[in-house]
Amino acid sequence: MSATFTEPRPSGALLLLGEGSDLRSERGVECTGALPPASDPDLVERARVARAALGDRAFVLGHHYQRDEVIALADVTGDSFKLAREAAARPDAEYVIFCGVHFMAESADILTHDGQAVVLPDLQAGCSMADMADIAQVEEAWEVLADAGVADRTVPVTYMNSTAAIKAFTGRHGGTVCTSSNARVALQWAFDRTGGVDGDGKVLFMPDQHLGRNTAVLQLGMGLEDCVVYDPRRPAGGLTERELRDARMILWRGHCSVHGRFSAENVAQVRERVPGIHVLVHPECKHEVVAAADQVGSTEHIIRALDAAEPGSAWAIGTELNLVRRLAASHPELAVHYLDSTVCFCSTMNRIDLPHLVWAMEELAAGRVVNRITVDADDAHWARVALDQMLALPAPAPTTAG
Ligand code: SF4
């Protein structure tokens with residue numbers, strides 16, 4: 001049975017896999033629920049047949065945090081930065097099937113032309129971090145900055161993990177999008193627009209406070225005292241005008257529910273358990289975790305670091321578990337440990353599974369476009385301005401800290 005919520009959902013309610021619609025959520029639209037069962041023994045063969053029927057008309061993108069059975073069907077894998085470039089580089093593909101989460105598919109729609117359809121196999125695959133900033137809150141925050149007399153010295157920098165509406169806000173206000181791969185380059189660019197890192201300009205960084213803080217402090221040499229946290233649930237963000245005037249980094253109060261789980265205690269425990277281990281974490285982790293680690297970097301950086309690691313060395317990785325498991329399997333010459341002591345998948349990434357992917361591919365092969373992600377024309381224009389600014393930034397260098 002499917003459910004439809006046009007009013008806000010009951011607190012905490014999550015729609016059943018593949019069923020119903022939630023018109024008020026960031027994901028927004030419907031999924032029919034007519035999926036093959038996960039226990040179908042023919043599912044892999046059905047996937048192979050549907051993929052072959054689509055041929056070059058489809059291009060399948062797979063984010064690193066996807067399940068193995070989905071990654072097996074991807075034409076290319078990558079983090080959100082790499083996948084944004086890949087989507088933009090395939091103008092001949094009629095369908096871009098995005099095995100990732102909603103904001104990534106929105107970005108792909110913005111970067112592809114009108115004749116291409118971007119398809120998200122399960123529309124409930126959202127991102128809890130992206131949900132932590134909505135456009136009305138961001139518009140209100142900008143008014144708070146204007147009232148404090150600092151908006152004209154502030155450049156918005158928006159992490160890829162945000163809605164298209166917030167990327168559009170960023171484009172309208174002369175800012176840029178960034179990813180975990182290029183956050184340092186993006187922040188440097190933003191500060192250069194307002195007198196440099198040592199000037200008196202500011203960055204409004206949304207929605208991940210940890211990536212913003214870690215990049216400013218560990219890569220641009222700022223102090224923790226240069227950062228303030230804007231809480232959209234409190235009047236004026238919970239900040240005084242004086243605090244806003246003194247700050248260099250105004251960090252949105254948002255975080256990743258996966259990377260936010262890792263703790264400095266996890267780092268201490270793994271060091272005690274495995275002497276000499278290298279601790280490598282994602283910059284969405286809390287500052288105390290990143291500061292205690294040996295290295296910090298995007299998922300692409302983590303992959304490259306393990307590819308280059310000395311055989312026999314031991315690594316504790318602080319990122320999503322699907323990726324860490326695949327890295328452990330593909331590097332039998334290394335001892336790869338997971339940093340947390342409990343399971344830490346991204347639950348929304350995991351909503352893309354083989355039944356949803358098979359269903360989407362079979363529908364497309366039959367000429368029915370399902371789960372198409374579209375961004376309205378005005379938001380698409382301004383979000384594209386911010387995304388093009390990101391794509392024009394110099395290529396990021398590998399990052400190391402701790
Ligand atoms: S891992 Fe975190 S930031 Fe990435 S999609 Fe999941 S909740 Fe969002």
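Predicted model: local features only at pLDDT ≥ 70, side-chain atom pairs only at ≥ 80, totals over all residues.

Biologist: Okay, where is Cys-346 found?

Modeller: Cys-346 is in the loop between strand E15 (335–338) and helix H14 (354–365). Leaving aside neighbours within four places in sequence, Cys-346 is in contact with Tyr-65, Val-258 and Glu-320.

Biologist: Which residues does UniProt list with Cys-346 for "binding site"?

Modeller: The UniProt record, an unreviewed entry, lists Cys-127 and Cys-256 along with Cys-346.

Biologist: Nice. What about Cys-127, buried or exposed?

Modeller: Cys-127 counts as buried, because 26 C-beta neighbours sit inside 10 Å. You'll find Cys-127 in the loop between strand E6 (117–119) and helix H5 (135–147). Not counting residues up to four places away in sequence, Cys-127 touches Val-101, His-102, Phe-103, Asn-161 and Thr-348.

Biologist: Where else does Asn-161 turn up in the "binding site" annotation?

Modeller: The unreviewed UniProt entry has another "binding site" annotation that covers Asn-161, with Tyr-159 and Met-160 also among its residues. Tyr-159 belongs to strand E7 (residues 154–159), while Met-160 is in the loop between E7 and helix H6 (164–172).

Biologist: How many C-beta neighbours do Tyr-159 and Met-160 have inside 10 Å?

Modeller: Tyr-159 has 28, so it counts as buried. Met-160 has 25, so that residue counts as buried too.

Biologist: And what do they touch?

Modeller: Beyond four places in sequence, Tyr-159 touches Cys-178, Met-206, Pro-207, Asp-208 and Leu-211.

Biologist: Switching topic: at what angle do H1 and H14 pack?

Modeller: Helix H1 (residues 43–54) and H14 pack at about 35°, and their axes are 9 Å apart. The crossing of H1 past H14 is left-handed.

Biologist: Which residues meet there?

Modeller: From H1 they include Leu-43, Ala-47 and Leu-54, and from H14 they include Leu-354, Val-358 and Met-361. The residues of that contact divide into 12 nonpolar, no polar and 3 charged.

How values were computed:
Residues numbered from 1 in each chain as written. UniProt positions renumbered as here; feature names shortened; annotations may be inferred. Helix = DSSP H or I, 4+ residues; strand = E, 2+ residues; numbered from the N terminus. Buried ≥ 20, exposed ≤ 12 C-beta atoms within 10 Å, placed from the backbone. Contact = placed C-beta atoms within 7 Å. Axes fitted to C-alpha atoms, helices over the stretch in contact; angles between N-to-C directions. Left-handed = near helix turned anticlockwise from the far one by under 90°. Nonpolar A, V, L, I, M, F, W, Y, C, P; charged D, E, K, R; others polar.
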